[in-house]
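Some words used for protein structures rest on a number and a cut-off.

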Amino acid sequence: MSALRDKVENFLYKEARLMDENRYLEWAGLYADECLYWIPCNEEDYDPAKHVSMLYADNNLLKSHALRLNEGKAFAQQPKSRMRRIVSNIEIDGDEGDEEIGVFANFTVTEIRKHEQRVHSGRSEYKLVSENGSFRIKYKKINLVSIDEAQDNVTFLL
Amino acid sequence: MATGNGRLIDYDALVREDAVHGDVYLRQDIFDEEMKRIYQRGWVYIGHQSEIPDPGDFKRSWLGLQPVIFSRDKAGKYHVLFNRCTHRAASICQEDWGNTTGFRCEYHGWLFRTDGELAAVPYADAYGDNFDKSRLNLRRPPRVDEYRGFVFASMSETGLSLTEHISGPAREQIDYFCDLSPEGEILVQCGATKLAYDGNWKLQMENTIDGYHPNFTHQSFFSSIERITGSKPGIFKGDSLSEVRDLGMGHTNIDTRAYNRADPAVKARLDMMQQTSWGKKYYDDLVEAHGKERAEDVLTVGGTHMNIFPNLCVLGQQVRTIRPISPDRTEVFLRPSLLKGAPDEINTMRIRQYEAFYSPHGGGIHDDVEMFNRVSEGLRCTIDPWLIFQRGLHRETVDEDGVRIGQCTDETSQRGQWRHWKTVMQEEINL
């Protein structure tokens, strides 16, 4: 296994763990100051200036959502979801030493809230920038399998 | 009294002026009767014309539980067609939306045009010489009509016209929404976010025009706003100038006109918008289209926040459709809209503003859904089955159009819905 793959995997696993444990403020800290976080809606590719997204956020909006979820008054997350993610099928587009690398990874979240278990899956596309031996996320796009479905409650972040 | 599944349902005992019985959200026989009286006989929202702009465009929709196709034929005329092959009932349109030259039933190959005409029957000679294909076109509701692109259908050949159903005060609200466009047209063309919950469809109807809940259900959203602007909006406080209104026929709205006209923050936002080239263009085009006074009022009021009974909500940037599935299961489709002729910057801003609260990962809508689920759980307690809709009953006023008005945290709007619901459920008609 290459050193780069090692580093990428460690980074993605850490991101997953922070989300699993509802540590959204720390999670938001993984994002670059200039970043884009995008969950498309209805279909995977369109112009987000002309079509609604499930979330289309810069760093400020991500932090705002993180703070809202953290505050304990976001009732759709009261009680909070208990979650664990599996991140897999990792593909890396780039080489050690590149300033920016592309990463693709599938994920499955098993979630239990109020005694009901649900599964959410998708594929994430990242652009990671090197910083102090690790990365920050410059771009993350999450293509959900349930991209066009009516959802009961998906208030946590992905 | 009216019959439901052979059993008498006493609606007087279920809906009082100031309270409703929990059974109206739970009972299957009441739901069944709602589907017949409200979702067949009455006017039901199907879709907006702009969703199927081009010949051959179609989308799936529902008339209560019944699947329909909202389609545009090759001549450009729109149709509401039942999604059912006239041969042996298989649904003929599987995609939620798209463009096509016709609908083929894949069971036995019957082919229908986009206007519903039966175009071809395989091996038709087996039906004999008297087979009249023209009698087997796709079925359609007897009445279809529209207001400003909002298309409605009714399964009743007689009854109030759509203009009578959506009377002046309700049309005025839709006009506020559409007149935000310099061309007077909204475009429902930028997708839909969708939600579902284990609860009755009327919970969403009540919630959309509930001016009492935002400061509580959505306190985390308002905290987010406070972190950015330094203050919480006062629009939904108990002393706000905002109102709730019963527009008649079950249509209702939260009327923020008085609040917005008096709020210096609204004026400041509009002034700020005009500092940009696109904002200035939008303002100038609106003035050109509507005149200065109307344009400024439309911008200040900022659209509407209303329900058209039973399944259409028009609010903020969006057109929302309620889809009842069973007494305790409902889907809601929320479609942000664009303003035809407005600068791209304005329309993109509308989408982003919509997402901030209403998208599945946004800051508001799922807190509502959580409350629907909590109400549905609480409804199972039978010791006190009444839900209280008494707020502001003593201080309601009625204007010259017959519109009942309450302060925005009052339950005047829900009372209006329930009054109409009861009237429809008690109507002397043959089902």
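This is a predicted model: local features need pLDDT of at least 70, side-chain atom pairs count only at pLDDT 80 or more; totals for chains, interfaces and linings use all residues.

Q: What makes A:E71 and B:R227 a salt bridge?
A: The closest N and O atoms of A:E71 and B:R227 are 3.6 Å apart. The cut-off for a side-chain nitrogen of Lys or Arg and a carboxyl oxygen of Asp or Glu is 4 Å, so the pair counts as a salt bridge.

Q: How many salt bridges does the rule find across the interface of chain B and chain A?
A: The rule finds six across that interface. Residue pairs in polar contact across the interface number 23, with both residues at pLDDT 80 or more.

Q: Which elements give two or more residues to the side of chain B that touches chain A?
A: They are β15 (193-197), α7 (214-217), α8 (219-229), β21 (329-336), α13 (344-358) and α14 (365-378) of chain B. The largest share, seven residues, comes from α13(B). By class, this side of chain B has 16 nonpolar, 14 polar and 12 charged residues.

Q: What is the area buried between chain B and chain A?
A: The size of an interface is often given as the accessible area lost when the parts come together. Between chain B and chain A this buried area is about 3,100 Å², and carbon and sulfur atoms give 49% of it. In terms of contact, 42 residues of chain B meet 36 residues of chain A.

Q: Why is A:A74 called buried?
A: The relative accessible area of A:A74 is 3%. Buried means under 20%, so A:A74 is buried. A:A74 sits in the loop between α3 (59-70) and β3 (82-93) of chain A. Leaving out residues up to four places away in sequence, A:A74 touches A:R68 and A:L69 in its own chain, and B:S220 and B:D367 in chain B.

Q: Why is the pair of B:Y127 and B:F131 called stacked?
A: The ring centres of B:Y127 and B:F131 are 4.5 Å apart, and the planes stand at 20°. Centres within 6.5 Å make a pair and planes under 30 degrees apart count as stacked, so this pair is stacked. It belongs to a structure in which a search finds 25 aromatic pairs over all chains.

Q: Are B:Y127 and B:F131 buried or exposed, or in between?
A: B:Y127 has a relative accessible area of 38%, and B:F131 has 24%.

Q: What makes the pair of B:F221 and B:F357 edge-to-face?
A: The planes of the two rings are at 90°, and their centres are 4.8 Å apart. An angle over 60 degrees counts as edge-to-face, so the pair gets that name. B:F221 is in helix α8 and B:F357 in helix α13 of chain B, 136 residues apart, and the pair thus links distant parts of the chain. Both B:F221 and B:F357 are buried.

Q: Why is A:N132 called exposed?
A: A:N132 has 76% relative accessibility. Exposed means over 50%, so A:N132 is exposed. A:N132 lies in the loop between β5 (116-131) and β6 (134-144) of chain A. Its phi is near 50°, a positive value in a residue other than glycine. Most residues other than glycine have a negative phi, and most peptide bonds are trans.

Q: Where is the peptide bond with omega of about 5°?
A: It joins A:Q78 and A:P79, and it is cis. A:P79 is in the loop between α3 and β3 of chain A. In chain B, the bond from B:F309 to B:P310 is also cis, with omega near 0°.

Q: How do you know that B:D255 is buried, and what does its side chain meet?
A: The relative accessible area of B:D255 is 5%, and under 20% means buried, so B:D255 is buried. B:D255 is in strand β17 (residues 251-255) of chain B. Its side chain makes a polar contact with the side chain of B:R245, at 3.3 Å. Apart from neighbours within four places in sequence, B:D255 is in contact with B:S242, B:E243 and B:R245.

Technical notes
Residues are numbered from 1 along each chain as its sequence is written. Chains are lettered from A and ligands numbered from 1 in the order in which they are written. Side-chain values use heavy atoms; hydrogens and water are left out. Contact means heavy atoms within 4.5 Å. Buried area is the accessible area (1.4 Å probe) that two parts lose on being put together, summed over both. A polar contact is a pair of N or O atoms within 3.5 Å; within protein, one must be able to donate a hydrogen and the other to accept it, and residues adjacent in sequence count only if both atoms are side-chain atoms. Helices (H or I, at least four residues) and strands (E, at least two) are DSSP runs, numbered from the N terminus. Ala, Val, Leu, Ile, Met, Phe, Trp, Tyr, Cys and Pro count as nonpolar, Asp, Glu, Lys and Arg as charged, and the others, Gly among them, as polar. Rings of Phe, Tyr and Trp (its six-membered ring) pair if their centres lie within 6.5 Å; planes under 30 degrees apart count as stacked, over 60 as edge-to-face and the rest as tilted. Buried means under 20% relative accessible area, exposed over 50%, partly exposed in between (1.4 Å probe, protein chains only).
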